[in-house]
Amino acid sequence: MQDGASLSNEEIRDLVRPDHVHRRAYVDPAIFDLELERIFGRLWIYVAHESQLKKPGDFVRTSLAGNEVLITRDEAGQIRALYNRCPHRGARICMVDHGSSRLFSCPYHAWVFRPDGSLATVPHRKSYPANFDLDDPQNHMQPAGQVATYRGFVFANLAENPPPLAEHLGPMTEVIDNLVDRAPDGEVDLAEAGFILEYRGNWKLHMENAADIFHPSFVHNSSVSPARKAPPKASIIDQDQTREMMLANGFGIKEWEGIQLTGFAGGHSSMKSFYNSGVLVHEDADPVAVRYKAALDERLGPERAAAVLAMRGFNNIVYPNLILNAQYQQMRVVIPLAVDRTLVHIRCFRLKGAPEEIFHRAVRFLTTLGSPASMIFSDDVEMLERCQQGLVSRAGPWIDFSRGLDSDLRDDRGQVSGAASEMPMRVQFKAWVERMTAEAA
Ligand code: FES
Ligand SMILES: [Fe+2]
């Protein structure tokens, strides 16, 4: 990774105007390297969910600021982030995405590590020098920064002195609270399976798309039109959820006006739901919803349960790279691989204590919206890649995100706008400039 010294803070500030951003932010590898260092290397980054780390030895392999890391639960029950690199000669140690192992053995010369990163054994110990010390931290898997959790969500931070996690999350803690509070048993489990998709475009394009309410009726029209023609037909599996989702993507001005976007300091944003009908909001006549509400009432009391279910939000953006949808128990994690290559992990949660059908619906939501064969996300990916292809051309330095600029309002929580506004992108780029020009803590 470059150290970014080729770009002064002044040059970085010059890339972002109130209503425009320079194309270089999406195509310049030096800027990408600086993003890994100053955004992904200094902010709290989601790395795992505690339901994947239930017992000592459980682990998840993921990426943190361009580094491959293992998130483990050690023998003492502590969650650790470790670089997935052998301190001996540098080999990657673990090659599976998740699992459970009390020991991690390097495939090259068989140094063996515990889940806390310490070195347990080396083969042929006597051939190492007399002063070779198994307990020397230099011979251990190196810690990848600090780890903190918020209601089961595990974040890691490579900065020396990061602020508390809850401070970084700010108002987005409400979204995590709402997701967990929807579980009658008070806990959620990350579904073991999900999708990992790669697109040939910059990571920011996806974060912008997820907060862009203006595009669905254009981009997703190919599935809206057939859905309008298809007669309603509730299936046992999804109660016609797929058709409803496609119809909702074709909303008009009236529905747009009912959606509010709120942008927060730090680049976060939230979006009121635009799926407001039928099985997607678990109407009272739906027997599954009735059973689910009864289970939630029992734990929270009817008043509190009603308040939890009333908090409808679609894509909530936790800057820089986490997208949470509590209402439908969905999550996306956007992992930058290169300036023009991005990985998206798409997963859903099981609300513990809820009827099994609620989980089936979350899975159906996931597959309709986010699978490689999805008639929705595949449209989005086409747009993200077309943007990347267009942005490499030197047609002109600036791209526009001015829509809604004149009508944005402020309330005591943040920036408020209508659904047609590009305010969330402006909020993201404000945070981007702040992080990219900030001194290390
Ligand atoms: S590189 Fe891991 S044991 Fe040699
Ligand atoms: Fe979309």
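G263 stands opposite Q415 in strand β22, and G263 also stands opposite S269 in strand β15. Strand β14 (residues 260-263) runs antiparallel to β22 (residues 415-418), to which four bridges join it, and β14 pairs with β15 (residues 269-271) in the antiparallel sense over three bridges. This is a predicted model, in which local features need pLDDT of at least 70 and side-chain atom pairs count only at pLDDT 80 or more, whereas totals for chains, interfaces and linings use all residues. Residues are numbered from 1 along each chain as its sequence is written, chains are lettered from A and ligands numbered from 1 in the order in which they are written, and side-chain values use heavy atoms, with hydrogens and water left out.

**Strands and hairpin**

- Two strands are said to pair if DSSP finds at least two bridges between them; helices (H or I, at least four residues) and strands (E, at least two) are DSSP runs, numbered from the N terminus.
- The hairpin of β14 and β15 has five residues between the strands, and in this hairpin G266 takes a positive phi near 90°.

**Backbone exceptions**

- Most residues other than glycine have a negative phi, and most peptide bonds are trans.
- A65, although it is not a glycine, has a positive phi of about 55°; A65 is placed in the loop between β3 (58-64) and β4 (67-73).
- Q329, which is not a glycine either, has a positive phi of about 60°, and Q329 is found in the loop between β17 and β18 (330-338).
- Y319 and P320 are joined by a cis peptide bond with an omega of about 10°, and P320 lies in the loop between β16 (316-318) and β17 (322-325).

**Burial**

- Buried means under 20% relative accessible area, exposed over 50%, and partly exposed in between, with a 1.4 Å probe and protein chains only.
- A65 counts as buried at 6% relative accessibility, and Q329 counts as buried at 5%.
- Helix α5 (residues 173-181) is mostly covered, since eight of its nine residues are buried; among them are V175, I176, L179 and V180.

**Cysteines**

- The structure holds zero disulfides, a disulfide being a pair of cysteine sulfur atoms within 2.5 Å.
- The sulfur of C94 is 11 Å from the closest cysteine sulfur, that of C106, which is too far for a bond.
- C94 counts as buried at 7% relative accessibility, and C86 is buried with a relative accessible area of 2%.
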